[in-house]
Amino acid sequence: MNALSIADLSVTFQGGGKGFTAVCGVSFDVAPGETFGLIGPSGCGKTTVLRAVAGLNTNWQGSISVSGEPLHPGRKITGALRAGIQMVFQDPYSSLHPRHRISRILGEPLSLRGIRNVEEEVRIALDQVGLPTAVAGRYPHQFSGGQRQRVAIARALLLKPKLLLLDEPTSALDVSVQAEILNLLNDLKASHGMTFILVSHDPGVVAHMCDRAVVMEAGKIAQVLDREALSGSTVPD
């Protein structure tokens with residue numbers, strides 16, 4: 001059973017009396033435990049695919065299934081499947097509530113699901129991403145960009161997802177900390193048995209992280225790259 005299967009996915013946005021098709025007829029399968037890349041220039045539709053899988057955009061056509069369980073256009077993702085699909089966004093600052101302490105940002109999703117020992121679960125998640133428990137009392141603006149991204153990753157891990165969606169997870173970070181975050185993600189993937197879908201336009205990130213990838217152009221898949229091809233790939237900006 002595939003961790004993710006997408007068949008003939010299309011996404012059209014309406015505006016000004018016209019429709020713009022951002023994704024057209026995209027199909028691919030991802031095996032359990034694989035890191036699969038969606039790469040290509042800005043505006044090619046790769047993040048739109050990711051947002052459909054995450055349930056952030058339900059206005060799509062085609063077929064999406066996660067571990068054999070289908071998603072449905074026009075419906076929110078709920079229940080165990082909701083917890084099993086988590087996303088780490090490009091900008092760690094905008095994805096963390098600026099007026100909430102880290103303890104609330106991380107603990108609230110657990111409390112809403114009736115999970116006990118919230119403080120202990122938060123401590124474990126922070127430890128997994130290399131942050132001390134003491135940071136739980138701080139606000140997002142008190143962290144560096146790399147630390148904020150670690151917090152965002154900790155939040156995604158708390159619900160123990162099987163599928164982690166990564167939208168340019170290092171593009172907003174200084175070059176000096178990008179490798180740290182990528183290595184952290186690889187370590188967590190191995191220890192948690194997760195599957196990654198990585199969106200990027202950076203060939204170095206793709207080559208470091210991915211087992212396979214597709215290159216997207218103008219909303220369509222233009223090329224499929226295996227591990228060997230990724231090592232020498234050039235991704236357009």
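This briefing walks through helix packing, nonpolar cores and a few loop residues in the structure above. The model is predicted, so please note that local features need pLDDT of at least 70, side-chain atom pairs count only at pLDDT 80 or more, and totals for chains, interfaces and linings use all residues. Residues are numbered from 1 along each chain as its sequence is written, and side-chain values use heavy atoms, with hydrogens and water left out. Helices (H or I, at least four residues) and strands (E, at least two) are DSSP runs numbered from the N terminus.

**Helix α4 against α5**

- Helix α4 (residues 118–128) packs on helix α5 (residues 145–158) at an angle of about 130°, and their axes are 9 Å apart. Axes here are lines fitted to C-alpha atoms, for helices over the stretch in contact, and angles run from 0 to 180 degrees between N-to-C directions.
- The pair α4 and α5 is therefore oblique; angles under 35 degrees count as roughly parallel, over 145 as roughly antiparallel, 65 to 115 as roughly perpendicular and the rest as oblique.
- α4 passes α5 in a right-handed crossing, where right-handed says that the near helix is turned clockwise from the far one by less than a right angle, and left-handed that it is turned anticlockwise.
- On the α4 side, Glu121, Val122, Ala125 and Gln128 make the contact, and they meet Ala154, Leu157 and Leu158 of α5. Contact means heavy atoms within 4.5 Å.
- By class, the residues of this α4–α5 contact are five nonpolar, one polar and one charged. Ala, Val, Leu, Ile, Met, Phe, Trp, Tyr, Cys and Pro count as nonpolar, Asp, Glu, Lys and Arg as charged, and the others, Gly among them, as polar.

**Helix α3 against α4**

- α3 and α4 pack at an angle of about 120°, with axes 9 Å apart, and are therefore oblique to each other.
- The crossing of α3 and α4 is right-handed. The contact joins Ile102, Leu106, Gly107, Leu110 and Ser111 of α3 to Val118, Glu121, Val122 and Leu126 of α4.
- Six nonpolar, two polar and one charged residue make up the contact of α3 with α4.

**Nonpolar cores**

- The largest nonpolar core has 42 residues, of which Leu106, Leu126, Val129, Ile153, Leu164, Leu185 and Met209 touch the most other members. Such a core is a set of buried Ala, Val, Leu, Ile, Met, Phe, Trp, Tyr and Cys residues joined through side-chain atoms within 4.5 Å.
- Elements giving two or more residues to this core include α3 (102–112), α4, α5, β7 (163–167) and α6 (175–192). α5 supplies the largest share, six residues.
- A separate core of 30 residues includes Val23, Val30, Ala54 and Leu163.
- Leaving aside neighbours within four places in sequence, Leu164 is in contact with residues including Gln86, Val88, Ala156, Leu185 and Phe196.

**Loop residues**

- Asn117, in the loop between α3 and α4, has a positive phi near 55° without being a glycine. Asn117 is exposed, at 59% relative accessible area; buried means under 20%, exposed over 50% and partly exposed in between (1.4 Å probe, protein chains only).
- Ala218 sits in the loop between β9 and β10 (220–225), and its phi is also positive, at about 50°. Ala218 is exposed, with a relative accessible area of 68%.
- Most residues other than glycine have a negative phi.
- Ser95 lies in the loop between β6 (85–88) and α3 and is buried, with a relative accessible area of 17%. Not counting residues up to four places away in sequence, Ser95 touches Phe89, Ala152 and Arg155.
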